[in-house]
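Here are my notes on the model, as numbered points. Have the coordinates open while you go through them.

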Amino acid sequence: MLNKDKKINLNQINRKNHLDELIYFMPYQDKLEWAEIRIKEFLQWCEENKFEEVTISFSGGKDSTVLLDLVLKVHKKIKSKVYLVPAYAIEITFPSTIKFIKDTVLNYQKKYKKYLKNPLFKKPAMAWKEILLKKGYPIFSKQVSVLLNRLKRSKTKNLLTKMCFGIEQTARYKISYNRLFLLDSEMTFYIDENNKRVDYFFSEKCCDLVKGGLKHDKRPSFIGTLANESTLRRQSWIANGCNILSKKHSMSRPLSLWTTNDVWKYIKENKLKINDAYNYNIKKNNLDDLRFTRLGCTSCPMGSHIEEIISNKYSKNDILPKEYKYWNRFEKLNEYMPNLYETQIWKTGMFHILCDMNIKIRNDKKYMEYFYKRRKEIENWYKDIKNNILRVMIQIEMSDNNSTNWKYTISDFKKALKNFKIDPVISNNEIKLLREQEKHKKIIRKNLSNERKKE
């Protein structure tokens, strides 16, 4: 067991070497004590540095509900004088979430008195559809979204642009073969309900903008993220640990070493009331029959390709299985909240991104018809893969951000083709012709875009 008064400090090397061991083999009780120690350290640091208020990120999901309960218990135990502010960015959320947040905070205020303030709600910086169209759609993960965005908007012939096509053999990041089509401007558009062409691109910025001003709040903050949920979170924990102590922007992530099972165990042991959207029965402990396993933004596509692997395995001939746990998040959304589904999937153009991710929504006939049509387009794109890779690289050259007017060399093109095991024989005349064709296509796309802006 851990000593409750002991400060556990791991340097970066040890954190990297032992992260999986800590997450998957540390006993639950030790993780709980570890989290309590981190919370205690953070609150004491805030007092020592004269911070009067600390925000607690409280989204109404299971992780943040556990975080709020645990922070309040430690706060009371050590008799901290720091005021706690539950903060929530009003995301693209479930109808039950706002009410749950208000009711939960009110109940805790009765128990913990003056040190828990009223919840702070922050609205998104702009409407969600506007965010997607102006700042980019999220796809697969933040890491993939960043990669695709930077490739399409390279200012210089930087290492990233070379690495992603395997031109540099020491590549840390490479664009995978089955995602190459996402870089083609002639593949990244859809026709909206007004029969207008809508060009789209990818970005990780959706999260920051949807979450309003919380990311720019200078007060210290508690955040209920788990390190095993994404590569970026793992890397952040390895670099910083649970607590980041800086007067510019300090934060504590005391649940970093927890798993989802640990979170549910805490909920059951402490008999916590959680958001109705989960449809969780604490007596039955119906974890295999939850309505939703995650909340947050209801139509966020990030990570859904992993769910789809499971859904696809248990769905025969595109017929949903009886076991609800094998449905993906969009099938569940369509089943329980069809109006919300229609608004967030069809009205925003998100349906096209999901098709690009090879996500099926088996209880939406209209979507499935579109899905197979789109997948056929992608299949046909790969039939002319050599020509299309060259076109994509030329489109990157022609980015509006290319202020230095850099260009790939014939050697670069050959190395990229060879990287994807494609015949690398090409001539300067072929490249010259492709550049002329892509220049003409870009002018047409730009004119269409200007016409839409005038409407």
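1. Thr 55 counts as buried, because its relative accessibility is 7% (buried means under 20% relative accessible area, exposed over 50%, partly exposed in between, with a 1.4 Å probe and protein chains only). The residue is part of strand β1, residues 53–57; strands here are DSSP runs of E with at least two residues, helices are runs of H or I with at least four, and both are numbered from the N terminus. Leaving out residues up to four places away in sequence, Thr 55 touches Val 85, Ala 87, Asp 217, Arg 219, Pro 220, Ser 221 and Phe 222, where contact means heavy atoms within 4.5 Å.

2. Some ground rules before you read on. This is a predicted model, so local features need pLDDT of at least 70 and side-chain atom pairs count only at pLDDT 80 or more, while totals for chains, interfaces and linings use all residues. Residues are numbered from 1 along each chain as its sequence is written, and side-chain values use heavy atoms, with hydrogens and water left out.

3. On the overall fold: the protein chain has 18 helices and 8 strands. Its radius of gyration is 25 Å, close to the 23 Å that the globule rule gives for 455 residues, so the chain is as compact as a globular protein of that length (the radius is taken over C-alpha atoms, and the rule is 2.2 Å times the number of residues to the power 0.38). Along the principal axes, the C-alpha atoms fill a box of roughly 75 × 45 × 45 Å. Of the 455 residues, 49% count as buried. Take the contacts between residues at least 6 apart in sequence: 72% of them join residues at least 24 apart.

4. His 18 sits in helix α1, residues 12–25, and is partly exposed at 33% relative accessibility.

5. Now the helix packing. How do α2 and α3 cross? The axes of α2 (residues 28–48) and α3 (residues 62–77) come within 10 Å and cross at roughly 60°; axes are lines fitted to C-alpha atoms, for helices over the stretch in contact, and angles run from 0 to 180 degrees between N-to-C directions. The two are therefore oblique to each other (under 35 degrees counts as roughly parallel, over 145 as roughly antiparallel, 65 to 115 as roughly perpendicular and the rest as oblique). On the α2 side the contact has Leu 32, Ala 35, Glu 36, Ile 39, Lys 40 and Leu 43, which meet Leu 70, Val 71, Val 74 and His 75 of α3. By class that gives 7 nonpolar, 1 polar and 2 charged residues; Ala, Val, Leu, Ile, Met, Phe, Trp, Tyr, Cys and Pro count as nonpolar, Asp, Glu, Lys and Arg as charged, and the others, Gly among them, as polar.

6. α16 (residues 385–397) and α17 (residues 410–419) pack at about 130° with their axes 10 Å apart, and are therefore oblique to each other. Lys 386, Ile 389, Leu 390, Met 393, Ile 394 and Glu 397 of α16 make the contact with Asp 412, Phe 413, Ala 416 and Leu 417 of α17. The class count for α16 with α17 is 7 nonpolar, no polar and 3 charged residues.

7. For α12 and α13 (residues 338–346), the angle is about 130° and the axes are 5 Å apart, so this pair is oblique as well. Phe 330, Leu 333, Asn 334, Glu 335 and Tyr 336 in α12 meet Pro 338, Leu 340, Tyr 341 and Ile 345 in α13. The contact of α12 with α13 divides into 7 nonpolar, 1 polar and 1 charged residue.

8. Is Glu 438 buried or exposed? Glu 438 is buried, with a relative accessible area of 1%. The residue lies in helix α18, residues 428–454. Setting aside neighbours within four places in sequence, Glu 438 is in contact with Arg 391, Ile 394, Gln 395 and Met 398.

9. Two backbone angles to check. Asn 279 has a positive phi of about 60° although it is not a glycine; it is in the loop between α10 (260–270) and α11 (304–314) and is partly exposed at 37% relative accessible area. Asn 317, also not a glycine, has a positive phi of about 55°. Asn 317 belongs to the loop between α11 and α12 (329–336), and is exposed at 74%.
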